[in-house]
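User: Hi! I am new to reading protein structures. Could you walk me through this one?

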Amino acid sequence: MHPVDHSTIIQHILGGDSRAYAELVRHYQRMVYTVCFRVLRNAQDAEEATQDSFVKAYQHLAGFGGNAKFSTWLYSIAYRTAVSHGRKRRDNEGSVDELPHHPAADPDTSSQRSEVRQLLGHALAQLDPEDASILSFFHLEELSVEEIVTITGLGASNVKVRLHRARKKLLDVINSIYGTEAQRLILDHA
Amino acid sequence: MREVKDELHDLFQAAGHAVPEADLTDRIMARVAVTPVLRPTPVKPILDRRAWIAIILLTTTVLLCGLVGSANTASTSGPVSDAWRAASSALSSSGSWAHWLAGLSASLLVLAAVDRSLAGHHRPT
């Protein structure tokens, strides 16, 4: 993914060129969608939360001071939006967990990457959504504990403990469901 | 032997991001097109810097006068205590005016401080 000059794009947007926002959307939509998906575990809800997150970020773009990284700021909006969607959904109809695979829209359906994604999705679905999100922030987005603290609003020690427990639980789930097959996929892809 | 942390890291990296529908960008941009960017309302202090300095000077002067005046009341004579006594007696019918003035100055100082502080907090980033 090519690097994005955030400050220039933001200046253009604040100057009235709303179409410049498309570049930020294209660059971050998979990441934001993944954050929402980890929390909501439902493709439709995750897409709705992703849309809401980008619209909120656009509305409040003038308030982005540039003190934090743009990605951290955006993830923070996405995470809170997804948690809020999840809460509303639970209030309305109870928890609806679906298998976290999206084959119709996945261009990598035939590839091994898709197989690994499916495997990981199934395993993460067994975890608490908050723990799954923290794992994803740390291992996929490669964010620091401090950044995760900023995004989630949890304490640093809480994040570390959750990371440790979630890792252990995820490995247990992977081993119990997939056994050696998972190991093969990891080693083949590593 | 590789650590668990590394194995999981590789797994997440191998899986990559979840993939949304292909037209998600278009749908987001369609909503963005009808959404205004909210501009933080700049809040300026009611009192400018000169008024702020004047209030500090007034408060300091009144408090100093009060301190010097009360210290000199017990002493026999002196230009300051004489002036203080004269002013006090002139306004004694309206109560302890020095206390009112000191209170008023202190209140003005506090209000001015709050005014500037709030303006600082609401300054657009």
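User: How many residues does the contact take from chain B and from chain A?

Analyst: First, a word on the source: this is a predicted model, where local features need pLDDT of at least 70, side-chain atom pairs count only at pLDDT 80 or more, and totals for chains, interfaces and linings use all residues. Residues are numbered from 1 along each chain as its sequence is written, while chains are lettered from A and ligands numbered from 1 in the order in which they are written. Now the idea: two residues are in contact if their C-beta atoms, placed from the backbone, lie within 7 Å. Here the contact takes 32 residues from chain B and 41 residues from chain A. On the chain B side, the largest share, 11 residues, comes from helix 1 of chain B. By class, that side has 18 nonpolar, 7 polar and 7 charged residues. For these classes, Ala, Val, Leu, Ile, Met, Phe, Trp, Tyr, Cys and Pro count as nonpolar, Asp, Glu, Lys and Arg as charged, and the others, Gly among them, as polar.

User: Which residues of helix 2 of chain B are buried?

Analyst: A residue is buried if 20 or more other C-beta atoms lie within 10 Å of its own, exposed if 12 or fewer, and partly exposed in between, with C-beta atoms placed from the backbone. In helix 2 of chain B (residues 24-33), the buried ones are Leu24(B), Ile28(B) and Val32(B). Seen down the helix axis, they fall within an arc of 70 degrees, so they line one face of helix 2 of chain B. The arc is that of the directions from the helix axis to the C-beta atoms. Here is the general idea: an α-helix has 3.6 residues a turn, so residues three or four places apart point the same way. The face turned away from the buried side of helix 2 of chain B carries exposed Asp26(B), Ala30(B) and Ala33(B).

User: What do the buried residues of that helix pack against?

Analyst: They pack against helix 2 (21-40) and helix 3 (43-59) of chain A. Tyr58(A) is found in helix 3 of chain A. Tyr58(A) is buried, with 22 other C-beta atoms within 10 Å. Leaving aside its neighbours within four places in sequence, Tyr58(A) is in contact with Tyr21(A), Val32(B), Thr35(B) and Val37(B).

User: Which residues touch the most other members of the largest nonpolar core?

Analyst: A nonpolar core is a set of buried Ala, Val, Leu, Ile, Met, Phe, Trp, Tyr and Cys residues joined through C-beta atoms within 7 Å. The largest has 54 residues, and Val32(A), Val35(A), Cys36(A), Leu74(A), Ala78(A), Ala82(A) and Leu120(A) touch the most other members. Helix 2 of chain A gives the most to this core, with 12 residues.

User: At what angle do helix 7 and helix 8 of chain A cross?

Analyst: Axes are lines fitted to C-alpha atoms, for helices over the stretch in contact, and angles run from 0 to 180 degrees between N-to-C directions. Helix 7 (residues 145-152) and helix 8 (residues 156-177) of chain A cross at roughly 105 degrees, their axes coming within 9 Å. That makes helix 7 of chain A roughly perpendicular to helix 8 of chain A. Angles under 35 degrees count as roughly parallel, over 145 as roughly antiparallel, 65 to 115 as roughly perpendicular and the rest as oblique.

How values were computed:
Helix = DSSP H or I, 4+ residues; strand = E, 2+ residues; numbered from the N terminus.
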